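Hi,

Here is the structure I promised to pass on to you. Have a look at it first, and then read on for what turned up.

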Amino acid sequence: MTAFTKPIFWRDSRMPYVELRKISDARQVCYALHSHAHWSLGAVTAGKSTFSYRDATYQISAGDLVMMNPHWVHACNPIENQPWAYVMLYVDAEWLSQLRYQMGLLDAPHWQDIATAVITQPELFAGYGDMAACLLDEHQAIEGKQVVLTDYLVRVMQMLAQESPAVLPQASSTLDQVAVYLRTNCSADVSLEGLCQQFGYSEGHLIRAFKQRFGLTPHAYLINQRIQLGQKALKRGLPIVEAALNAGFNDQPHFQRTFKRLVAATPNQYRYPLLK
């Protein structure tokens, strides 16, 4: 990754429920399809790109806000090397569920998917910029950052509450159990044959049904979960090699290649935020 595409990550141990990523020139930043355990809210600050989200594709440009539910597969990539820039906010789903519950938007403090994928609203976009600038300001007190972040997310959640609820693919308790199993055991040596024996699928049927449900094959889902586990380890300051082995990778180079493909940053860049 060349210098001009180097991302900036911000996080603070006093606000463990949020992380911010900023990149000023994303022409060479390419993601493979992936998902997160948290809810994501991004702002395109310059140029335009292609946003793939589950079964839909959107052309997004400066002024747009994009959002991604936990575990919904997505990718955002440049268009023919055209310049674009963005800021992305990652919010812990449990923390946000509690906020939505306190606002009276949920009947219980449990995550409920949000249907909206892209919005273009100048006031919310401007507010996003102010919020991000506050978090990145090393001279701003942590109490101020907490207030600004919460106030902004309250505005966003109030606006989104007016939208229709998300429509999920037809539920399958068995496939959901497979996904939970992969998330829980992602660092172990999980084979497709073993999954089929445990959950009663043929290999071909499991691959097709799982991908239709989650947007990734079981193997890709497993690798995605391993990278998330590696991110958690890097946040705690663990050495890259230790994060790789703990996440189920056989060696550090494999972890680094996969990490860069899914996170569009190196483990070292992610481990050491440029701003705190």
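Let me start with R14, which counts as exposed at 53% relative accessibility. Please keep in mind that this is a predicted model. The side chain of R14 meets that of D12 in a salt bridge, with 2.9 Å from N to O. D12, by contrast, is buried, with a relative accessible area of 12%.

Another joins R213 and D176, whose closest N and O atoms are 3.1 Å apart. This pair links distant parts of the chain, with R213 in helix 6 (residues 203-214) and D176 in helix 4 (residues 173-184), 37 residues apart. R213 is buried at a relative accessible area of 15%, while D176 is partly exposed at 26%.

Now to the two domains. The domain assignment of the protein gives domain 1 (8-162) and domain 2 (174-271), and their C-alpha centres lie 23 Å apart. In the interface, 16 residues of domain 1 are in contact with 18 residues of domain 2. The two domains bury about 1400 Å² between them, 48% of it on carbon and sulfur atoms. On the domain 1 side, F9, R11 and H71 lose the most area to domain 2, together 34% of what that side buries. Seven residue pairs are in polar contact between the domains, and the count of salt bridges between them is one.

E19 and K235 also form a salt bridge, the closest N and O atoms being 3.7 Å apart. K235 sits in helix 7 (residues 218-235) and E19 in strand 2, 216 residues apart. E19 is buried, with a relative accessible area of 4%, whereas K235 is partly exposed at 42%. R11 belongs here too: R11, E19 and K235 are linked in a network of salt bridges.

E19 leads on to the strands. Its bridge partner in strand 7 is Y90, and strand 2 (residues 18-23) runs antiparallel to strand 7, joined by six bridges. Strand 3 (residues 39-53) also pairs with strand 7 in the antiparallel sense, over eight bridges, and there S40 stands opposite Y90.

How many residues of strand 7 (residues 84-91) are buried? Eight of its eight residues are. Both faces are covered, with W84, Y86, M88 and Y90 on one side and A85, V87, L89 and V91 on the other.

Enjoy looking around in it!

Best wishes

Definitions and conventions: Residues are numbered from 1 along each chain as its sequence is written. This is a predicted model: local features need pLDDT of at least 70, side-chain atom pairs count only at pLDDT 80 or more; totals for chains, interfaces and linings use all residues. Side-chain values use heavy atoms; hydrogens and water are left out. Buried means under 20% relative accessible area, exposed over 50%, partly exposed in between (1.4 Å probe, protein chains only). Helices (H or I, at least four residues) and strands (E, at least two) are DSSP runs, numbered from the N terminus. Two strands pair if DSSP finds at least two bridges between them. Domain bounds come from an automatic or database domain assignment. Contact means heavy atoms within 4.5 Å. Buried area is the accessible area (1.4 Å probe) that two parts lose on being put together, summed over both. A salt bridge is a side-chain nitrogen of Lys or Arg within 4 Å of a carboxyl oxygen of Asp or Glu. A polar contact is a pair of N or O atoms within 3.5 Å; within protein, one must be able to donate a hydrogen and the other to accept it, and residues adjacent in sequence count only if both atoms are side-chain atoms.
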